[in-house]
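Visitor: I would like to learn how to read a predicted two-chain model feature by feature. Could you take me through one, giving the general idea and then the case at hand?

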Amino acid sequence: MAIPKEHLVAMCSTMFKIRYFEEQIRQIYTEGKSPVFDIAAGTIPGEMHLAAGQEPVAVGVMPHLQPGDAITATHRPHHVAIAQGVDLNEMTAEIFGKSTGLGKGKGGHMHLFSTDPSFGCSGIIAEGMPTACGAGLAFKRLGQNNVAISFFGEGAANQGAFHESLNLAALWELPVVFICEDNAFAISVPKTASTAIADNSDRASAYGIPGVLVTDNDPVAVYEVAGEAIRRARAGEGPSLIEVKTDRLWGHFEGDADAYRADDFKQAMLDRDPIQTFPQRLVEEGLLTESEVERLRAEATEQVDAAIEFARSSPFPEPEDALLHVFA
Amino acid sequence: MTTLVERKLTTQKAIAEAIAQEMERDDRVLVMGEDIGVYGGIFGATEGLLDRFGPDRVIDTPISETGFIGAAVGAALHGLRPIAELMFVDFFGVCMDQIYNHMAKIHYFSGGAISVPMVLTTAVGGGYSDAGQHSQTLWGTFAHLPGMKVVIPSNPYDAKGLMISAIRDDNPVLYMFHKGVLGLGWMTHNPRATGSVPEEAYTVPLGEAAVAREGTDVTIATVGLSVHRALDAADLLAGDGISAEVLDLRTLVPLDKTALADSVRKTHRLLVVDEDYRSFGMTAEVAMTAIEEAFDHLDAAPARLAVPDVPIPYSRPLEQFVLPDPESIAASATSLIRG
């Protein structure tokens, strides 16, 4: 597939933005947490699940999206939200617990919700998948030519919600694309110890829908497979399941000692880090120059820095605002 | 409006009529659930809808409650106003995450930016030997969790008006119909399950209790089928010279604190009756609310009658023993008044 240059540039640029964002959040997360680590302390309290390494899965999908398309993501949602174009300032402010955040500080990093673009995530494994089916049902019922994309981890594929959602989407021929981010570990449990088969994409056959395995953590590979799945969904041909073998470079959450993954496993991930290999490839193939790559990197950095500044300088909500927004 | 002959409907038909009228009025309303199409709902709440509105808007689902309740949430987030039916509330264990972590919380998580306008209907209650996984009411469990309204109609008129309000509400609403108030031919006959229901659409507001019977000596506050039991108890009490007021709370969320306090100010005594479990539930909440709102007007500590903290048993004498009935309600009220 000939990929338009602007899509390659957008994917590269978005990867830079995601990686720099996650690096900054990782660093800021340590503020106020030393010498003694207290999860409740610091600029960003609470759990923090970062997606460095998983950028290709998110950016490979996004060039195919159209206004009105919906996404559901997981407890590790930043890369997907950034790739979809969720307002970076408001998203960052939400992570900082500020009143200017997407949820005015009510949700935090695992519960980011946006209407335009339509993005939602859930801290409960696999439970974003049924709502994606509902989005697809609404699109179909309302005659909107939109698709819903549901991201989930390989650990989610053993949950009931995964199977219920695939069945519903297949049964009702919904415009939904299910994308499994297989980073090989559900916290500490390897896929080999949790899953009876090697590839979750094979599970698509149980529901009579296409299942495609993407073996490389590569934006272009994701782009091609996701493009076909989204085309099918938009054309009314029903849902698809895609599994992408990706890498979670860091621990499950910040503060995770990550002792359950062997050193050579971790080193191998670093050696194939797509944040290095993808821009290199674009340069080698003559699609981008070194200086263009650096410009993209600088632009991404600038946007993220601005969002972090926005979040830092935003006020906290008033404590009693906790009582608002239980009901519409 | 003047009508020459009052039109009578069962509660079940009133619910189905309310849904049909809202589907007629608003194209975004659709219904989904197990056996809600061809069958018309195991309890008839969706009777006739499939023929009228077709399978695109009246959707029989697989037995897949997480899937289709979650799909209802997602559809509500994207422009529809779904009604999903959980056949028996007892089945909530297989889908509670979608109900309380998603349906009830997304509005809050979004800081008020996103609404989840959906109705989750479900059948509740026992008394017909269906045993411990098909006989619970469990409204206290749901009312405990913030973010969803909890509606419990006791009669046909309220059932229609409350359903129309629930569908038009921009919040998730849990609409719990007691099997004993529906007027189903295969349940024990209940004359109060049939009543006057105007043909035109009307609303009964969520959050307003109703005085089902006026009285002066004791307030009996309750919901659902226990309203009927309390009315029968009031007849028994009247024969004993006790004037009982029966307060039908109609919705637990929002709870009509004003009506409760007004009634207690009049009668000075409160008995809370509940077909849900006794501990940490509706009886404690309503009694405490009365204490907070009208303590100085109470002549005695509020009393309660609820299912003792046991699962609903199967065998008829066992089940009848644990459920509130007119005699046990009257005895509790008498004891509250006479000590």
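Visitor: How many of the 328 residues of chain A count as buried?

Guide: A residue is called buried if 20 or more other C-beta atoms lie within 10 Å of its own, exposed if 12 or fewer, and partly exposed in between, with C-beta atoms placed from the backbone. By that count, 52% of the 328 residues of chain A are buried, and of the 339 residues of chain B, 58% are. This is a predicted model, in which local features need pLDDT of at least 70 and side-chain atom pairs count only at pLDDT 80 or more, while totals for chains, interfaces and linings use all residues. Residues are numbered from 1 along each chain as its sequence is written, and chains are lettered from A and ligands numbered from 1 in the order in which they are written.

Visitor: Which residues have the most contacts inside the largest nonpolar core?

Guide: A nonpolar core is a set of buried Ala, Val, Leu, Ile, Met, Phe, Trp, Tyr and Cys residues joined through C-beta atoms within 7 Å. The largest has 205 residues, and those with the most contacts inside it are A:Val177, A:Ile242, B:Val150, B:Ile220 and B:Ala333. Helix H1 (residues 5–29) of chain A gives the most to this core, with nine residues, where helices (H or I, at least four residues) and strands (E, at least two) are DSSP runs numbered from the N terminus. Two residues are in contact if their C-beta atoms, placed from the backbone, lie within 7 Å; leaving aside neighbours within four places in sequence, A:Val177 has among its contacts A:Val147, A:Ile149, A:Ala226 and A:Ile242.

Visitor: In what order do the seven strands of the open sheet in chain A stand?

Guide: Two strands pair if DSSP finds at least two bridges between them. The order is S2-S3-S1-S4-S5-S9-S8, with mixed pairing. Strand S2 (113–114) and strand S8 (211–214) stand at the edges, each with a single partner strand, so one side of each is left without a neighbour in the sheet. S2(A) is joined by two bridges to strand S3 (residues 118–121) of chain A, and the two run antiparallel; A:Phe113 stands opposite A:Gly120 in S3(A).

Visitor: What covers the buried residues of H6(A)?

Guide: The cover includes strands S4 (148–153), S5 (176–182) and S9 (240–245) and helix H5 (128–142) of chain A, together with H3 of chain B. Among the buried residues of H6(A) are A:Phe162, A:Leu166 and A:Leu168.

Visitor: How many residues does each chain give to the contact?

Guide: Chain B gives 35 residues and chain A gives 35 residues. On the side of chain B that touches chain A, H3(B) gives the most, with ten residues.
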